[in-house]
Amino acid sequence: MGENSVKVKMADTSTWRNQESKHPAVVDLDDMEMEIVDKDDSDYETNFSDSRPPQQSQQKSKEGVYLEDMRKRFQDNVTSMMWQAGSQQAKKAWSIYGNIDILRPYFNVEPHEVRSRLMYSLFPQKPTDHRQRVPRELYGPLMVIFTMIALLLLQMKTADHKVEEGTLMGTAFGVCFSYWIGASSFVWFLCYVCNCHMTMLQILSMMGYGLFGHCIVIFLGTIIHTSHDHLFFYILWAVFGGISTLRMVCIVISRTHGQTQRMFIGGAIAALHLLFLLYLHFAYHQVVEDLSQVFDHMPAINHPAPQSLPQTLTETIVEQAVQGNNSVQHIVRS
Amino acid sequence: MLILICKYNNVCQQCDSDGSDPSAKWISFRSDVLNTSKTLAVLNPLKQADHTIMQDTDLAGPLVFCLAFGGSLMLAGKLQFGYIYGIGVVGCLAVYALLNLMSMTGVSAGITVSVLGYCLLPMVILSFSSILLSLQGIIGIVLVCVAVVWCSLSASKLFVSALEMDQQQLLVAYPCALVYGVFALLTVF
């Protein structure tokens, strides 16, 4: 019996060993590593699909899709609401500030009114206790600005002025409109500081009509060329520039209280107005004067006896070569 | 001149039965792209213009005149199509804004471009004359002044008749004169 039990145990052991050979208890780490490398899952990802039953996974995916739809719909609604609110605000702002009808009253003028205002811009009135009237009009000043642009173009074309970056038209537009709006804004600020009773529109109108004198000076200076000196221009500058400046200064003085304030604003307007005319002349007309001076001072013109052209050229070349040689020798010695 | 050509198949039963090839047929031949009434109104600035003349805003005439202007300048040795386009656009915008501010009824951009384009005809004549003679002398100055006044008078007449601004023709003519003056600068220099 004892021997049989041992044998049974032995048989059991052998079966156990057979089972172990099929499923060994020794763990092969290489195989486990290979298995781990093949998997793409991160440490934080868990694959519930394998562990959950199939019905629950379908329900969960449906819920996910529903949530996604909800999120997308909410996003679209918010976007459309923001777009509608923004476009309404923009339309409201445009209707208030971009409405061209705001400026319509300032262009309602008759030809005789524009003519008389242009003439009176060159006739200063002595300031009294009564305020001098300034029309709130934009047609006349705008036409004066456009005229000045056209005259500047004529001046630049006549003087063969070249603009490196930009165009002649762009330069003329930029210069004229920048001065009109910039100088008017500066004068408006000074009027605010010095308590002068003038609105921005009145200042724009006054400064615009004041440029009529500049147009006359530019036109006469372009069609009448004088070489060597600028006396003719300075005379025109003093007469027409001075008259139109005096007109504006008288208007401002009649509307300002206090000597210091009057001097301050009057001086600023005079400086801006007269210096701008000087700039327009010397920036775009100087080329003509320089060319005329060069042609007048050429040695061939002042030579008494006429020489043939090749002989003159030969002498000039030889002279330049000698001068260059002398300068090189001087540099070498130093 | 604009010629429309149309080619179509399936002309008639006889052709189909004969088995002949489908033939091309000239559908229409238009030679009146230029509005003659507007052109005549421009050529005669002193004649009263009909206020219904501006109801038709065609742009073919202005395009033809602009191309003719650029072509004549090209024959004179100046390639300035870009300048014509730029000055034209800026001028049209300025006149459009000004007329909308000055008139009670307002004006459309098409009418502005159409009127300014048709009234460029005298400037085209001036540019053709610049091929034959120099415009930088006394004769040139006189011709330029005549052309600019002619263009601006015609344009202001058409605008005033369309917008009922009879008392303000001079105020409309002056900005038109400035625009055509810039075109004259292109022709002269």
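What share of residues 168-191 of chain A is helix, and how far apart are the end C-alpha atoms? In this predicted model, the span is 100% helix and 0% strand, with its end C-alpha atoms 34 Å apart. Residues 231-252 of chain A are likewise 100% helix and 0% strand, and here the end C-alpha atoms lie 30 Å apart.

Within chain A, helix H7 (residues 168-194) and helix H10 (residues 259-284) have axes that come within 10 Å and cross at roughly 170°. Because angles over 145 degrees count as roughly antiparallel, H7(A) and H10(A) are described as roughly antiparallel to each other. Residues contributing to this contact include A:Val175, A:Tyr179, A:Phe186 and A:Leu190 of H7(A), and A:Phe264, A:Ile269, A:Leu272 and A:Phe276 of H10(A). By class, the contact of H7(A) with H10(A) comprises 17 nonpolar and three polar residues, with no charged residues.

Between the chains, the axes of helix H6 (residues 139-158) of chain A and helix H8 (residues 169-188) of chain B come within 10 Å and cross at roughly 15°, which makes H6(A) roughly parallel to H8(B). The crossing of these two helices is left-handed. Among the residues that form the contact are A:Tyr139, A:Met143, A:Phe146 and A:Thr147 of H6(A), together with B:Leu171, B:Tyr174, B:Pro175 and B:Leu185 of H8(B). The residues of this contact divide into 13 nonpolar, one polar and no charged.

Note on methods
Residues are numbered from 1 along each chain as its sequence is written. Chains are lettered from A and ligands numbered from 1 in the order in which they are written. This is a predicted model: local features need pLDDT of at least 70, side-chain atom pairs count only at pLDDT 80 or more; totals for chains, interfaces and linings use all residues. Side-chain values use heavy atoms; hydrogens and water are left out. Axes are lines fitted to C-alpha atoms, for helices over the stretch in contact, and angles run from 0 to 180 degrees between N-to-C directions. Helices (H or I, at least four residues) and strands (E, at least two) are DSSP runs, numbered from the N terminus. Angles under 35 degrees count as roughly parallel, over 145 as roughly antiparallel, 65 to 115 as roughly perpendicular and the rest as oblique. A crossing is left-handed if the near helix is turned anticlockwise from the far one by less than a right angle, and right-handed if clockwise. Contact means heavy atoms within 4.5 Å. Ala, Val, Leu, Ile, Met, Phe, Trp, Tyr, Cys and Pro count as nonpolar, Asp, Glu, Lys and Arg as charged, and the others, Gly among them, as polar.
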